[in-house]
Amino acid sequence: MTSLPTAEELRRLAEEAARRCGVDLDAVAGDHPVTSPVNGQHLLSVRRQTAADVAAAVERAGAAFRQWRTVPAPVRGGLVRRLGELLREHKADLATLVSIEVGKITSEAAGEVQEMIDICEFAVGLSRQLYGRTIASERPGHRLTENWHPLGVVGVISAFNFPVAVWSWNTALALVCGDPVVWKPSELAPLSALASAALLDRAIAETGAPEGLSQVLIGGADVGEALVDSPGIALLSATGSTRMGRAVGPRVADRFGRSLLELGGNNAAIVTPSADLDLTTRGVVFSAAGTAGQRCTTMRRVIVHEDVADALVERVAAAYRNLPIGSPLEGGTLVGPLIHDAAYKGMQDALQAARQQGGEVVVGGGRRLAEEAPDAWYAEPALVRMPGQTDIVRQETFAPVLYVLTYRTLEEAVALNNDVPQGLSSTIFTSDQAEAERFLAADGSDCGIANVNIGTSGAEIGGAFGGEKATGGGRESGSDAWKGYMRRATNTINFSGELPLAQGVEFPI
Ligand code: NAD
């Protein structure tokens with residue numbers, strides 16, 4: 001590994017990429033410091049918004065909604081098509097910003113921007129397929145239909161680890177559904193957000209769409225809270241920790257707003273005796289150590305049959321010992337930094353708790369590059385054998401710690417998979433079709449995502465994304481997740497000339 005980039009190098013790269021995306025760096029300069037996890041040093045400072053700015057942004061978005069909701073959906077799709085083109089053109093720029101602000105390796109950062117392009121393409125197709133339905137009426141001369149209408153302003157709160165893709169999943173769908181978006185990105189990645197929003201602003205200007213359709217609010221939890229409480233936000237889509245969701249959900253419900261919660265995960269793989277261990281090892285290592293363990297779908301538990309546990313642990317440990325850890329901007333690196341010191345401390349605390357609860361750290365857990373970059377937090381992904389599903393295993397630690405548990409019967413393995421508060425992603429590695437089907441059945445995995453012979457992370461945009469229980473229950477991205485961004489109207493049309501009442505009710509006057 002060569003050395004980490006200097007603060008000047010990172011600043012130059014970030015400023016050039018942001019400018020190419022259309023960010024006016026002078027206009028956004030302020031006193032909110034941005035730190036790069038790549039070297040732990042100050043990158044630049046941007047302006048923060050206040051709660052008063054939130055009200056003004058929601059009002060502007062509300063005005064845009066009143067125009068946008070009557071624009072035909074396929075025409076709305078034209079705006080998203082242009083956004084997709086601009087994202088394609090600036091894929092490398094946005095990926096650079098994502099790498100610099102949150103430490104993703106180049107390939108994963110480019111993958112995140114590819115997801116943005118993919119969801120735009122999906123949404124353009126969707127703009128001609130916002131289908132309602134005709135329902136058989138019980139009355140003669142009546143037609144019963146269901147139609148979907150734009151809902152209103154969508155508020156998006158996003159987490160640091162997918163600093164731009166989550167916005168695009170929501171925004172591409174919201175825009176074709178007729179809804180403006182007010183975005184409160186992670187305070188840790190404001191430049192990536194400003195660059196994405198600048199591309200959308202350009203698409204809006206070029207296609208003649210209403211100006212207020214897209215708003216960005218840079219700030220912390222206080223700005224998020226103002227958005228949550230804003231009566232002008234019809235749907236609040238919040239991605240982040242379960243702690244955040246627990247604060248946000250009841251507040252939105254209290255004002256009868258709609259919320260879409262995408263919260264923490266504690267994702268497991270079941271590895272059966274018939275599993276192909278080479279394929280399993282690759283799937284486990286990408287899901288557990290990739291993104292330095294900082295995906296909501298990161299694999300945090302392996303539940304392996306006792307007959308193959310030693311063989312699997314040996315293979316995963318061997319792969320872990322050889323993982324290239326270092327600058328995410330350098331080709332060949334597979335594991336970049338943790339986001340900040342608190343994440344590293346959380347990892348060390350979890351490892352200590354695991355030891356106290358009977359665990360044995362097989363490999364990893366140490367720190368790298370501490371001398372070169374004392375304020376950057378590079379950690380060796382840790383593999384920990386546990387005697388059972390103890391308290392620490394049932395928590396989400398947002399760092400690369402993979403717990404290994406063993407099982408004897410598949411029923412026991414599925415019970416362990418489900419016996420955690422979260423319900424996001426899960427997988428089974430097996431060559432036995434019956435085992436795979438049992439895992440996917442109604443009494444199998446209770447997660448929103450259940451896979452066979454692939455890892456827990458790396459979902460495609462075509463499927464609905466989200467999870468159950470403490471993961472929040474929301475679904476976004478593909479399939480029919482668009483319905484969450486629209487309101488449903490049931491229409492009964494009487495062309496009979498009579499007035500028959502439903503259920504045969506008589507009401508003579
Ligand atoms: P976080 O909860 O600290 O912050 C997420 C966002 O919420 C930030 O923009 C933050 O400013 C805002 N926020 C925090 N408290 C708030 C409050 N009380 N009111 C309004 N807004 C508030 O999460 P993070 O550290 O940025 O991200 C990591 C977490 O996100 C992990 O738990 C991870 O599993 C989860 N995550 C989930 C998904 C998913 O789709 N399920 C995707 C990505 C990340």
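This is a predicted model: local features need pLDDT of at least 70, side-chain atom pairs count only at pLDDT 80 or more; totals for chains, interfaces and linings use all residues.

Guide: A residue is called buried here when its relative accessible area is under 20%. Because five of the five residues of β5 are buried, the strand is largely enclosed by the rest of the structure.

The neighbours of β5 come next. The strand belongs to an open sheet of five strands, whose order is β7-β6-β5-β8-β9 and whose pairing is parallel. At the edges stand β7 (214-216) and β9 (258-262); each has a single partner strand, so one side of each is left without a neighbour in the sheet. From one strand to the next, the twist averages 15°.

On one flank, β5 (residues 153-157) runs parallel to β8 (residues 233-239), and five bridges join the two. Within β8, L235 is the bridge partner of V154, and L236 stands opposite G155. Two helices also pack on the sheet. Helix α7 (residues 165-177) touches β5, β6 (181-184), β8 and β9, and its direction makes about 170° with that of β6. Helix α9 (residues 221-228) touches β5, β6 and β8, and its direction makes about 155° with that of β5.

The pairing with β6 remains. Four bridges join β5 to β6, and these strands run parallel. Here V156 stands opposite W183 in β6. The chain passes from β5 through α7 to β6, forming a β-α-β crossover that is right-handed.

Terms used
Residues are numbered from 1 along each chain as its sequence is written. Side-chain values use heavy atoms; hydrogens and water are left out. Two strands pair if DSSP finds at least two bridges between them. Axes are lines fitted to C-alpha atoms, for helices over the stretch in contact, and angles run from 0 to 180 degrees between N-to-C directions. Contact means heavy atoms within 4.5 Å. Buried means under 20% relative accessible area, exposed over 50%, partly exposed in between (1.4 Å probe, protein chains only). A crossover is right-handed if, with the strands pointing away from the viewer, the path from the first strand over the helix to the second runs clockwise.
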